[in-house]
Amino acid sequence: MLHSLVVGLGRAGAGLHLRVLAQARELDRDLFRPGAIIACDPEPRARRALAGVTVAESVRAAAELVPPARTVVHLCTPPLDRPALLGELAELGFRQVIVEKPLAPDLAELAEINRIRTEHGMRLAVVAHWLDAELTRRIAELVDGRTLGELRSISFHQHKPRFTHSTSTQGHPTAFDVEVPHALGVALRLAGSAELLDAECTDMRFEDRVLPGMGGARLALRHHQGVRTDIVSDLTAPVRERRVALEFERGTAIGNYPLSDQDHHAQLSVHGPDEQWSVFPDDALTEFTLRTYRRFHAIGPVADPAADERFALQCEVIRLLWSAKQHCRNLTGLVRQWRRTPDHAG
């Protein structure tokens, strides 16, 4: 059985990972060690009483409560100084880590993370749960099976109002780092490697406030097999939408990912020789957690890092995101300024 350690009790840690862990533990009782989940956060205000959770004040203190070699760490802090935290985890004996996206804000931090990962034989699984979504699986079947002929283009629309969270924390440097990584990973899975064609990022403006680079993001890719992908994310939109549309030689497919933890259902409509429409359960984050724990349990705490194809895909996601930031004027400077800002509550 595997223990769990949640590092960081902000929105991702307390609001998502603890909830999903509770669900996953109910679904597979033989995989997870029973008892309280261990968590830690350096902020006293974050160390509030949580049902079924034992909270420590630091990673080192938490390491005394679990066996590091048989523990999966959920790293739910923002990517600022993530190499330092991963290095501390490695020194304490932890080898299996689930990392919240984005993996890194730039290529320099990505290189340092990869060095630590390789040097210590760590297994890092980035929270890219759209890759485990049932909707993604069904779309991939259409692409791989060529049911509607060759894939020509993909477009994603990821919209949600994010005013409150953007003003209360500085966990993400730009709008490219919020929703776009999920879609980008799926695009690379469906159409293969790609290069950036174009990118744009806007500021978030409301009342008398301006949040540079946090209004929305757009990028266009040309995959090496000829497919084009367009991703648009608006963090000032009045409504939520997570939509993917695929154009094939002989038809189209339109999918809608679940919008929140209030309803884990996705929808897929296929238009071609045979019209289809379906609604189905799709709790991708719980499925991602279960699959990751099962991989860790089967392979063990130490494995060849170079063999992890999913990690390689996430490195490609960071490379393309960094290309998009470089393409947009002032964004690279904004990322550097963000890295120097001490307040990153997550």
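Reader: What makes Tyr 293 buried?

Author: This is a predicted model. In it, Tyr 293 has a relative accessible area of 0%. Buried means under 20%, so Tyr 293 counts as buried.

Reader: Why is the pair of Phe 32 and Tyr 293 called tilted?

Author: The planes of Phe 32 and Tyr 293 stand at 40 degrees. Stacked needs under 30 degrees and edge-to-face over 60.

Reader: Is Phe 32 buried or exposed?

Author: Buried. Its relative accessibility is 3%, and the limit is under 20%.

Reader: Why is the pair of Trp 130 and Phe 156 called tilted?

Author: The planes of Trp 130 and Phe 156 are at 35 degrees. Stacked ends under 30 degrees and edge-to-face starts over 60, so this pair is tilted. Their centres lie 6.5 Å apart.

Reader: What does the pair of Trp 130 and Phe 156 tie together?

Author: Trp 130 lies in the loop between strand E6 and helix H5, and Phe 156 in strand E7. These parts are 26 residues apart in sequence. Ring pairs also link Trp 130, Phe 156 and Tyr 257 into a cluster.

Reader: How do you know that the charged end of Arg 138 sits over the ring of Phe 280?

Author: Arg 138 is 3.7 Å from the ring centre of Phe 280. The distance cut-off is within 6 Å, and the direction must be within 35 degrees of the ring normal.

Terms used
Residues numbered from 1 in each chain as written. Predicted model: local features only at pLDDT ≥ 70, side-chain atom pairs only at ≥ 80, totals over all residues. Heavy atoms only, no water. Phe/Tyr/Trp six-rings, centres within 6.5 Å; stacked < 30°, edge-to-face > 60°. Buried < 20%, exposed > 50% of the residue type's maximum accessible area, 1.4 Å probe, protein only. Helix = DSSP H or I, 4+ residues; strand = E, 2+ residues; numbered from the N terminus.
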